[in-house]
Amino acid sequence: MKKYKDVVDLHDDHGRLVASNIPIAALSPLLNPAIQKIVAFVKQCVAVNLQGVQTALATGEVGGKWSMLRGRSTKVDLVGNAEAVARDLKESLQVKPKDDTEVKVLKEGKNLLVTVPAARLNAGVEYTTSATAVAAGLCHVIIEKFNVDMWDADLVHAAIWGRYPQTMDMLGGNVVSLLSVPQQNEGMGYALRNVLAAHIAMITRKNSMNSAALSSILEQTAHWEMGDAMGNFERFHLLGLAYQGLNADNIVYDIVKENAKTGNLGDCVKSTVKRAIEDGVIRPLEKAKSGYTIYTTNDLNKWNAYAAAGLMAGTMVTCGAARAMQHTPSVFIYFNDLLERETGLPAVDFGRVAGTGVEMAFFSHSIYGGGNPAVFNGNHIVTRHSKGFCIPCVAAAVALDAGTTIYTPEKLSGVVGEVLSEVPELREPLKYVNEAAVKIKGEV
Amino acid sequence: MSKEKRMFLEALRKKFKEAPEEKYTKFYIYGAWRQSKRKREFMEYSKKIAKQRNIPMYNPELHLGAPLGQRVLMAYRMSGTDIYCEADDLHFINNAAMQQMWHDIRRTIISGLDAAHTVLQKRLGKEVTPETVNGYLEILEHALPGGAVVQEHMAEINPELVKDCYVKVFTGDDELADEIDPRFLIDINKQFPADHAKQLKEVVGKKLYQVCRMPTATSMSCDGGTMARWAAMQISMSMIDAYKLMAGEAAVGEFAFAAKHAEVIEMGTLTPWRRARGPNEPGGIPLGYLADMCQASRVKPNDPVWVALEAISMGAVLYDQFWFGSYMSGGVGFTQYASCTYTDDILDDFCYYGADYVKKKYGGFGKTKPSWDLIKNVATEVSLYGLEQYEKYPACMEAHFGGSQRAACVAAGAGVAVSLATGNCTAGINGWYLSQLLHKEEMGRLGFYGYDQQDQCGSANSFSWRSDEGLPFNLRGVNYPNYALNVGHQSAHTGIVSAAHGGRGDAWTTNPLIKIAFADKNLVFDFTHPRLCFGKGALREFMPAGERTVIIPPH
Amino acid sequence: MPEYKPQYYPGSTLPSQNRKKYLDPAYKLQKIRTISDDDLIRIMGHRVPGEAYKSTHPPLEETGEPACPIREIVTPTPGAKAGDRIRYIQFTDSVYFAPVTPYVRAWMYHTRYRGVDVGVLSGRVPLEARERDLEKIAKELVETEIFDSARCGIRGATVHGHALRLDENGLMFDAYRRYLFNKKTGEVDYVKNQIGVPLDKPISVGKPIPETELRKRTSEFRVDGNAFRDDKELISFIERIHMLRTIAGFDPEKVKGI
């Protein structure tokens, strides 16, 4: 990786200084151990709805909504024996004793949080390994432990795997990964982008700053996976992650604080421009006939990062004031429109955030598809167009919503968000990423 | 009366009582939907149907606040023709010509014969000569529409239902072409102007390709993914018959592989999960392929603007009306987002203005490399011209009552002009993007809610080389990520590709085999004059294929 | 370094200068009519005057909020605090010298108001906000110079008309005839609410602004008014944005000092 001169001050989610002058590379997904752990957890962690499996087995309602197989039923008390099930499942999954396999019982036996050992994922190339290993492991445990006979083996399969393999995903199943099956990814490198904003908000328990951070980590890491963070674009994505997602130099928090009580989106634009001028990122180039000043920059990547931070702040102020997520696309379009007309410089992601906002406004306010912001993600055809700078803002906004939608984040996320919020690194990513950056600052 | 010459003035005078420059008119006095012959016809049908089936149907009185038709319901002129029709006649469900264009595209598969011949000669020691090729083709003419060969006691398809199904071949080798039965040949020399024929024969060389047209009936009952499979089945059976092979020896597996995979050129490729369709569906057809399917370049090779306009009409129907208006949405659809590009000669006027401007400023087409000076100059001037026509002629503004329509036409003029000037359609689309940004600023409005998503992303993605951003414009289509969502673009985009290569005098824009494959007079749709054909469809004067008359009761 | 002063909008001609003015929250929009609060509520049609606001969730004080540093500092609007539904008002602006255009509305809504969700189409501009916040904002949108009773419409559906010629009274077309020209008073009366439901009695929104005056106030470029072609500064501005976006998409490092 290239050596970058940039250094940033790290701040926590409340805007408190954590460490100064940290090299930007310490925040790179290629180097930061906490980011790598977060990505690993995303692959390794799976949520199991044990109550769901039990009910499916008892009722024969398997393989998707309204699929009801009369005469098929087997009663097993999985929830009551959750600890034993968890022990046996761990044993099935473990590669070596005392490896990183974990099966945690939650909600009095109704849910399990399973961490599949890294050794299993490293033995192959697929990331679906966690879901398949847990699903298969659970089938094995249930059949063995509860003496389910051969004639009901197919029912056990469906209660866990859903309608797979008739469907490509586990339709109606009870083992859920944060990641979707590869067939559902739009293109190469899109796996980490295919995470609903609803999941992010639920995993971080609706802490808006951590939602922004977790989403930005996944989105931006994906851009390394896609090959987009290459050449001069690597710094583009590094700075974007740092400033927009990880509150570098406290720009996001500062701009929010400045405008928290009475400010609006337009004020956030002005705060962004002011900060960029003060920090020497942009400067006047020339004056037009009307007296309008055209600005320029010697560092467009850094300008983009500042603009992206301002966009995040603008989202938080607008959606925070309304305590509503639906305003997000309006923010995406008009923050950028106003920023360009204020400076004469291209706005966030060089027009791609504005474009994504246009599409998302349409698809969250009309008959043509989409839904409320919580259903969107970086893999969604509506919102994939910005290269990592929109969805973190969507996630932050979803976290701020007070309950204005029917398809709430809780409903959309279901078991996944609730269970994965038990993983500290996923729930409070900013803290762990900052700590890790400080640890490795001397080595990058 | 305007003293200025504009191509659209005649149509506007037919659409409205007042002069095109008049700013005032009357509303609310037209009897709503009753002013339209078509809608009165719809109501009559609807009343009968509701009675027959005892379920109500079409009823324009159900509108939220007042039935439609509070303003003049405009007649539309098919651009480049004297045909006038109503908007309803341009809905693809109401227009048999539009449907046939799509069927003719979907049911086409091109596959190379040389690999199969190599299997025969090298693996099986069989002789392949022009005579045996003709023999094979005659068998395939029987088999492809569903006639059995080799197998006993088979259920076959009634030829009357599938009479539009056949195979033809082409080659760049004049000697070989001379020996092929002329009934089975697409003769490059006869179909193309001399210079285009030379280019095409040079690139195809001695290779031999077959173009299979599966029945329209199959296209209506099955899907695009069927076509290569159908062709492969019957190609393989015909090979077995023609060359006396064991029906199902190992070598036959190689025919199947060749026919279904290795040697196949599909019209369209797969689309991903969220909008999943198989091959040979509109979602997978690149712009350049559609531009090549348009055969207007054989008729007026020296008028690349006219050719582009014809290609635009095909793009409008296929991508905007079929794909976005139905596959991706449906119901009432997107007719008028598309028809604005091929009616009333409005876009024609903008494009010819742009062409004249380019000729004057740059001395002709395809002569100047892309540069910021050129893109700014040409795209800005043509955009300003387009915008000014809407403002100078209120009737023109009213004809294109939706911002998306105006955005498409203004930017199409700009994009086509840049394409003509540079011979580079990626530069052309960059000109389109500049036009959209100028339009948004000029009018302070642009299109529908999501219209300009791709136009905001487009500047940065024009010359990007990154993963899912970079791609020459010819190869983009409605599965290019930015383009996957919005109507009102791909029509013009087809023309932007066409114009770049037409201006250069190229015989094709992207795929020479597709260009040749559609130079076929037996096709039901007239790819040399798409707009005229659509017009005939509007007038109910177009006879499609696939009619089931012979298997249904008289009615 | 000179102190940063917000500039809002480039351009040297009248429409540009008007856009700049409307975008600048320091510029007080000129009030040119009075519509009573109750009449505005009637036109908007979301509740009957005097009726309590419906909620989409309980007041924030009742439910409490998740632990979040942003919630701790960002003050919710009154409507958000109370849990109001999010409702809308939607405008259509004619292409014939209306005071503001759709994008100008969106830009100015965001520079002047808090917690607004505004979208733009060529023929309509929906504004959604918490209901009591919306009513406050709507008052300014309807009572001031940015609304002309003939060339602007308050319409929730079937918005067709922005690009049509004007009727014999100079009014923009409305398929639902929500408003009529009152020949006696010379004023425009709303006889239906924004979604087309008839009102109990007409509500006047005042006389149309004469076109000579509209031409001074408009943010619309027109070839028969102030032509866009004459605003070389604005054209050059847009060309610049496009060019910089394009080059940046190829290589951001190539945009330096330009």
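1. Strand β6 (residues 187–192) of chain C is joined to β7(C) by three bridges, the two running antiparallel; strands here are DSSP runs of E with at least two residues, helices are runs of H or I with at least four residues, and both are numbered from the N terminus. Within this pairing, K192(C) lies opposite P198(C) of β7(C). This is a predicted model, in which local features need pLDDT of at least 70 and side-chain atom pairs count only at pLDDT 80 or more, while totals for chains, interfaces and linings use all residues. Residues are numbered from 1 along each chain as its sequence is written, chains are lettered from A and ligands numbered from 1 in the order in which they are written, and side-chain values use heavy atoms, with hydrogens and water left out.

2. The sheet concerned is open and has three strands in the order β5-β6-β7 of chain C, with antiparallel pairing, where two strands pair if DSSP finds at least two bridges between them. Because β5 (179–182) and β7 (198–204) of chain C stand at the edges with a single partner strand each, one side of each is left without a neighbour in the sheet.

3. Between chain C and chain A, the contact (heavy atoms within 4.5 Å) takes 63 residues from chain C and 68 residues from chain A. The two chains bury about 5,700 Å² between them, 58% of it on carbon and sulfur atoms, buried area being the accessible area (1.4 Å probe) that two parts lose on being put together, summed over both. On the side of chain C, Y4(C), Q7(C) and H110(C) lose the most area to chain A, together 13% of what that side buries.

4. Across the interface of chain C and chain A the rule finds three salt bridges, each defined as a side-chain nitrogen of Lys or Arg within 4 Å of a carboxyl oxygen of Asp or Glu. The side chains of R235(A) and E253(C) meet in a salt bridge, at 3.8 Å from N to O.

5. For chain B and chain C, 54 residues of chain B are in contact with 53 residues of chain C, and about 5,100 Å² is buried between the two chains, 58% of it on carbon and sulfur atoms. The rule finds six salt bridges across this interface; E18(B) forms a salt bridge with R165(C), where the closest N and O atoms are 2.7 Å apart. The elements that give two or more residues to the side of chain B that touches chain C include α17 (372–392) and α19 (403–422) of chain B.
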